[in-house]
Amino acid sequence: MSKPLPLILDCDPGIDDFIAILMILAAPEKFNLLGITVSGGNVPLKYTTQNALKACELAGRPDVKVYAGCPSPMMRDLTCESVVHGETGLKGPALPMPTMKAQSQHAVDFLIETLMKADKKVTLATTGPLTNIAVAIVREPRILNNIDQIVTMGGSMLLGNITPAAEYNFYADPEAAHILLTSGKPLTLVGLDVTHQILTSPEWLSELKALENPVADTLVEMLKVHDYDVKTFGLAGAPLHDPAVIAYLLKPELFKGKFVNVEVDLSFNITRGRTTIDWYNKRHLEQNAHVLNEVDVKGFFDLTTDLLSSYGALSSSQKKERMS
Amino acid sequence: MKKIPLIMDCDPGLDDAVAILLALASLDEINLLGITTVVGNCPIEQTEQNARRICELAGRPDMKVYRGCPRSFFDFGFRSSFTDYVGSDIHGETGLGGCKLPPPTLPLQSQNAVNYFIETLLNSPTKITIAASGCLTNLACAFIMEPRIKEKIEKLVIMGGSIGIGNITPAAEFNFYTDPQAAYVVFTSGVPIVMIGLDTTRKTQTSEKWLAEIEALGSPVSQAVIDMLSYYHRPDAFLEVGVSGGVLHDPNIIAYLIKPELYKVREAYVEIDISSTVLAGRSTVDWHGKLGRKPTATVVNEVDVKGFFALLTERLQRYTAYKKA
């Protein structure tokens with residue numbers, strides 16, 4: 001068996017980031033999670049940090065190191081998505097306040113220190129605005145030498161979601177996305193073209209329920225009320241954006257894509273944050289991203305269910321509680 | 001007069017070096033807490049070394065020097081190559097012109113400049129003034145990482161920008177051009193800003209007469225200043241049209257803190273251009289209030305040149321006394 005992949009997750013939980021954390025922590029034999037860095041995003045930093053801690057505690061992993069980072073994007077005020085994720089970012093079940101604490105070190109310092117010291121290249125999974133990583137690159141560009149790959153949820157070839165043009169993570173901090181896209185390190189982009197294919201369904205929620213474990217139960221409660229995309233975009237279910245990043249790291253063969261040039265719009269126009277993805281290489285520019293556009297939907301959900309099943313069945317007292 | 005607690009953020013550079021010497025000679029007015037360095041006139045390895053060299057030259061081996069960002073927010077290939085070329089043309093290969101100071105023995109602080117800003121400002125019971133004479137990357141990173149430090153800044157005196165034409169491009173002044181995005185972050189931060197741009201600094205040009213005055217001081221510091229500034233007076237020096245000597249851009253921010261009465265100012269709305277057009281890094285100053293927007297900076301446009309050089313001579317003279325003592 002291959003050694004666990006050294007991994008840092010940069011995120012802004014958010015319901016789908018929350019699921020992504022639980023997927024990572026369900027596979028300790030696959031991932032050596034060095035830390036979770038958090039930025040302001042879907043909801044303000046106070047809540048995203050809290051939610052990351054809640055995810056770790058729900059997974060029974062209070063030992064995971066969580067670092068709070070930049071509260072706002074590089075050049076603009078933060079646009080939140082409270083309408084999607086709820087005021088605190090985790091609409092639905094009332095989870096207990098975390099007893100574990102975030103580390104005192106700033107996320108940007110953790111990224112620089114960890115990457116500069118790493119004896120083995122580290123994989124970055126990002127599921128929020130890219131502010132933390134961009135600031136780390138500006139401060140210490142040599143960290144790029146110790147990054148194995150960066151897999152980013154962001155961008156869209158088709159329509160956007162936060163605006164008609166732009167996907168949320170890239171819209172929230174386009175300048176940070178630009179810094180990553182021009183870093184010389186190719187990004188793997190998991191955009192809306194993929195994530196709008198992996199939609200929750202009543203059948204899958206029943207499957208999760210049947211796992212009879214408290215983690216899956218919590219997710220079912222969350223996903224039941226996670227209906228913004230259904231109402232706004234007419235999607236058949238809730239898109240699991242961020243979990244796609246983790247699925248790609250575990251089973252890249254579930255996805256198809258192409259190496260192309262991607263440029264993010266930095267204007268203050270209606271197109272701000274839009275990714276122009278040169279799928280047909282019309283501009284003959286550097287291939288700075290591996291853009292995914294196809295996913296094996298069944299394979300994705302099977303993998304996710306399988307991961308979540310590892311959290312074990314409920315105890316008899318929990319079952320009794322569940323029945324009532 | 002109450003001493004101003006000050007942090008200098010710079011990229012020495014000839015004129016930054018003179019600014020440091022001016023600050024360190026003004027102990028009655030300025031309490032210099034630390035010097036942070038950034039890429040700019042030369043690569044970061046040189047700017048931080050030069051800062052340490054200058055502190056040693058000034059007899060201040062106790063000074064704390066911090067290394068900051070080695071690049072700007074956006075890493076434009078054209079920009080760094082242009083910078084390399086023009087930077088070394090103006091400031092010489094080492095960034096200190098013809099001045100050959102030994103490698104510094106003063107240690108570099110291990111803390112990063114950005115973290116130094118955050119820690120010092122957050123923990124300071126009183127507000128601190130910052131004088132910036134390079135690109136604003138360090139400060140912008142610090143603002144993004146820890147926005148609460150903004151409240152701890154008394155004011156930010158910046159050498160940068162121009163009401164009129166630029167120097168590195170027709171539109172932009174060098175410090176803002178090398179990192180327009182960082183300048184944008186700083187100018188939209190709400191921190192009180194004093195902007196001293198080319199309109200002012202172009203007026204403070206060295207003359208042969210003033211250089212002779214400094215040379216006559218006969219101290220190691222005055223000799224180093226001559227070695228540095230004579231670089232501007234060499235026959236093949238890169239000079240702007242209408243400029244006959246070295247332009248002492250950066251010492252103006254320290255002179256402003258010591259003797260604000262040497263300067264004329266106006267409150268104005270300033271916006272930094274962050275496009276990728278010919279305007280990149282331009283500071284648009286709404287001098288006449290045409291836009292009706294709330295002023296974002298105190299913009300300096302005039303300086304008492306004679307008073308400025310008199311101050312500089314008087315302060316550099318103090319090093320003579322120091323050396324003799």
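**Notes on the model**

1. In chain B, helix α1 (residues 14-24) packs against helix α11 (residues 251-258) at an angle of about 25°, with their axes 7 Å apart. Axes here are lines fitted to C-alpha atoms, for helices over the stretch in contact, and angles run from 0 to 180 degrees between N-to-C directions. Helices (H or I, at least four residues) and strands (E, at least two) are DSSP runs, numbered from the N terminus. α1(B) and α11(B) are therefore roughly parallel to each other, a label for angles under 35 degrees, with over 145 roughly antiparallel, 65 to 115 roughly perpendicular and the rest oblique.

2. Which residues make this contact? From α1(B) come B:Asp15, B:Val18, B:Ala19, B:Leu22 and B:Ala23, and from α11(B) come B:Pro251, B:Ile254, B:Ala255 and B:Ile258, where contact means heavy atoms within 4.5 Å. By class, eight of these are nonpolar, none polar and one charged (Ala, Val, Leu, Ile, Met, Phe, Trp, Tyr, Cys and Pro count as nonpolar, Asp, Glu, Lys and Arg as charged, and the others, Gly among them, as polar).

3. A word on the basis: this is a predicted model, where local features need pLDDT of at least 70, side-chain atom pairs count only at pLDDT 80 or more, and totals for chains, interfaces and linings use all residues. Residues are numbered from 1 along each chain as its sequence is written, chains are lettered from A and ligands numbered from 1 in the order in which they are written, and side-chain values use heavy atoms, leaving out hydrogens and water.

4. On to the interface: chain A and chain B bury about 1,700 Å² between them, 71% of it on carbon and sulfur atoms. Buried area is the accessible area (1.4 Å probe) that two parts lose on being put together, summed over both. A:Met75, A:Val138 and A:Arg139 supply 40% of the area that chain A buries against chain B, more than any other three residues. The contact takes 21 residues from chain A and 18 residues from chain B.

5. Two backbone spots deserve a look. A cis peptide bond, with omega about 0°, joins A:Pro13 and A:Gly14, and A:Gly14 lies in the loop between β1 (5-11) and α1 (15-25) of chain A. In chain B, the bond from B:Pro12 to B:Gly13 is cis, with omega near 0°, and B:Gly13 is in the loop between β1 (4-10) and α1 of chain B. Most peptide bonds are trans.
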